[in-house]
Amino acid sequence: MSRLKVSRRTLISSLAGSAAFAGLRPLLPWELRSAEGATPPRRMISFFHPMGFWEPSFWPTGTPGGTWQLGETLAGLERLKPKLIFPDGLLTYGALYFQKSTGGDNNHGAGMTLMFSGSAKSGSYATGPSIEQAVAQHLVASNPNRWDRARWDLGFGTGAPGGHSTCFFLGSGQPVNPQNNPKAAFDDLTRVIRPSGATVDETAIARLRAQKKSVIDAVLADLNSVCARVGAAEKQKCEAHLDGIRMLENRLKTLTPSVSPGCTQPAAPVVANGDAVATIQAQMDLIVAAFACDLTPVASMQIGHADGGVSFESLFGQGQHDVTHAVSNGGNQFKPEIAAIHKKIDLWYAERIGYLLNKLDSIPEGQGTMLDNTLVLFGTDTTTQSDRRVCGAHSIERIPMFMAGGGAFAFKTGRWLKYPNRSPSANDAPLTWTPHHRLLTSIARAFGMNVDSFGNAGWGSGPLVGLEG
Amino acid sequence: MGSSWHVRLFLATVLLGGCTGAIGRNPDGDGTGGGAGNALWGGGRSGHGGGPGGVVGADCKQPAVDVARWRRLTAVQYRNTISDLTGLSVDTTPFLQDTTVGPFAANALVAPQPGDIDAYQVAAETIASDAVRDLTKLTGCDAAVLGDEACAFKFIDAFATRAFRGPMLPPQREALIAAYRVGRQESHATGIRLVVESVLQSPSFLYIAEFGEPTDTPGLHRLSGYEVATRLSYLLWSTSPDAALAAAAADGTLDAPDGIREQAVRMMASPRFRKGAASFVAQMFEVSRLGVAGAVVKDPNKSPDDSALLRASMQEEVSRFVDDLFVHGDGSLRTLLTATHGFPAGPLLKIYGVAADQIPADGRYEFAAGTRAGLLTQAGFLAAVPAIPTAYTAVHRGKMLRTHVMCQTLPPPMANIDFTPPPGADKLSQQQLAREHQENPTCVSCHELMDPLGFALEKYDALGRFRTTDAGGNPIDSSGELVGLDVDGTFDGIAALAGKLADSRDVSDCFAIQWFRFAFGREPGEADRCGLTAVKEALAAANGDLREGLLALVASDVFRFRKMEAP
């Protein structure tokens, strides 16, 4: 990794002088971004992992709002404790509604769809955007030329988009399809890097820009011809395609300088197929690199899907899904030996989470670190309760959503907040719980969106009180 | 025909009713959302108020078809098409992630992601700079003789027409000429390169976009000859139309069912058809997933022989098997499901326990009696399903047969079920593992549909090796009872079960449905029933000859018409 402190002028020279570049690489090199300058943006990461955590080990202990300690699962994040927030007592209410009203899906699929979108589910997909996509759209709308990309969606083992495998949505019925291949993500991110060190030619740069522009113009002409007469459904594709082309076009403009000295060229990931740890770390490195160079303000990271995705069989002898069910043996018998495996799986995810958060926190930015300028939201489809009435597995009550970072602009961090979550009877009115929609609403507001609710307002409107401190 | 459809649908409803009442399409879906949408679009809406009595094509005399979505080229289609256009091979694995309809790559519903657009740009730039290395070959003219612009215009007309699979509109042509002229300021070659870059990033190239021309029925368009040619070539060849197809499109041959049939017959005689058919079979039976990074996971301790090379040879065997089915075989689903030969080669020899010198020169090997029966016993299928290490192999394989080969829908497992294998599961037979499924009334209504089918395949391990005792040392009992189909009854072993499947009209109908999904990248809807019924009938009448089913499909109204979606 080499820190890039290349002036615009040297950049341009290396650009023009490289024969290899001439045919291949678009403009907008990392090197365009000088090491200091702009204010850090408000950033967001949504992070998904499947099937939650073993409840007794996950939640903090002590006194909410008073003296408290991290739970066993996240104990490794002790250093970052002042930057975490645990809203305790949320219910993925929409998922409950969906399951009870239609019987059309189990908690996995419903929780998956609704966790980040808070919206209804139609067919396999949410009927509205997930929070980070909405935030991305909002940020880009208010600053259209700043970023190379509105958001960057990476994953591991997510499977193809579907009712049990998609948790992030661009909009109604529009699943995000996360890039699972870190090599492709790396190429995507670093295609703007080329051999450096040749001689200067402003004219050549201008010519190159004109050439790129002519290609984009031709593509737009075709897009217009094709999309002029389409119906609503194809229009969506056309618009998504157009957005992509516009982003390419943005690259031809000079962009703002980078915001942090962490704008470095990442090493190419060398990852064996199926190596979960290495793949996930490579993806996280790339997200941080993209932030450091201000290529995007928003990212999503999806590990697995509602029914699995990471092969824990080879690590701990049992799959995650089997373990989450077995731990309470259908609700009537606690099995400590299975709980031990559950905890191992949880710790495995906690290590991944720790890697990302520590990496974000290692990059100085503004008055603090990149983590302070980045709100990381952790969500999951379902979770494992220790004392549920039917069975511990796949509950959507006391869902372990938590947050890290964002202290520079969002919420007062370093807190464990209790919300009403009384243990319901079979016929309990779900509204006695605290719907997770409120947290999504609070996040939208933290990014300057003027909204009273996020997702389906009927399932919980208004913000989550107390986050601001 | 209409009544037989209803009878069949009714039967299916009754049979699956016990399996928690989820009938028809999978509510969990495949990413298309097509199921729910099509159900809503059934019947009266198709006529946009103009149809007689609102019941569309009840007698199959009026053309009727459900809404088809545009498809972005799948990875396979993109690769093949680039190869047609430029002679270059391109590795799409790093950037194209297909979405599916049923088991088939379709890219029909999911909008392109920003990363996709970027990736298309990089691919186009890479391909273009490679392609212009031999400019004369690419453009087919010598600029020194013809003049730069004349040569460029000739190239633009030929290349873009082919890449767009039909004639350009004036603004498209003008934009390409403009790009050429910008590049031309540097050199002729740069101009051509920019044209290639532009074309390969254009939606007209990347999407199978269809408009058609209005008909007398409001909301119903007849596809143009070029659009029909495109459907034909991606269905039968998995690539773009050749010159003969384009000519047939231009001269009106493809405006009539007979002309389409005639072209389809020609195309099915071509070696390219075997590629298309192999792609269909490999996807329908999940074998193609072996080539997708991370899609099939093996426990390295239990399957130490697993390797990329082995997986490639498994896929290769399926390709050769399908190829042989259409060159030397009868092209029937019976042969596909029951053949006792295969094409073991390379690392597969070890899996099949065959020595290299036993393989005949043509590669076609007759397996020992009673050890193999058709595609379901080929290593490629057995290794692909189950796709994860699990104790419950029979459940996974049985479920796959239900959904993919019988086109039946099973709901996802209910919440709050303990999936943990019982203590000592390693030592238990599949029947012992399945006891709970079979005894618990909540489980049995679905599991009686799945588990016994999987028992029939238990004599093959996770990589497809034949065995007579399972991993726990138990002698394998591969008998069971088939229910919920038109050929119900007991069986002992996969050969018997495969024979039943080959006899089944339901299975034959399922192949028709799968071809439909493969051809159009969507689920069939109510308005498609006449077309789909014609395919089912043709397939059955031809004793399962898949080629006859395809001919019925391409000549049907569903293939030739397009319903316009709401504006």
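Colleague: Is the crossing of H3(B) and H7(B) left-handed or right-handed?
Modeller: Right-handed, meaning the near helix is turned clockwise from the far one by less than a right angle. Helices here are DSSP runs of H or I with at least four residues, strands are E runs of at least two, and both are numbered from the N terminus. This is a predicted model, where local features need pLDDT of at least 70, side-chain atom pairs count only at pLDDT 80 or more, and totals for chains, interfaces and linings use all residues. Residues are numbered from 1 along each chain as its sequence is written, chains are lettered from A and ligands numbered from 1 in the order written, and side-chain values use heavy atoms, leaving out hydrogens and water.

Colleague: Which residues of H3(B) and H7(B) meet?
Modeller: B:Asp84, B:Leu85 and B:Thr86 in H3(B) touch B:Phe159, B:Arg162 and B:Ala163 in H7(B). Contact means heavy atoms within 4.5 Å.

Colleague: New topic. What is the strand order in the open sheet of chain B?
Modeller: S5-S6-S11, with antiparallel pairing. Strands pair if DSSP finds at least two bridges between them.

Colleague: Which strands stand at the edges?
Modeller: S5 (213-214) and S11 (561-563) of chain B. Each has a single partner strand, so one side of each lacks a neighbour in the sheet.

Colleague: And what is the bridge partner of B:His221 in S11(B)?
Modeller: B:Arg562. S6(B), residues 220-222, and S11(B) pair over 3 bridges.

Colleague: How many aromatic pairs over all chains?
Modeller: 34. Rings of Phe, Tyr and Trp (its six-membered ring) pair with centres within 6.5 Å; planes under 30 degrees apart are stacked, over 60 edge-to-face, the rest tilted. One of the pairs is B:Phe104 with B:Phe280, stacked at 5.4 Å centre to centre and 15 degrees between the planes.
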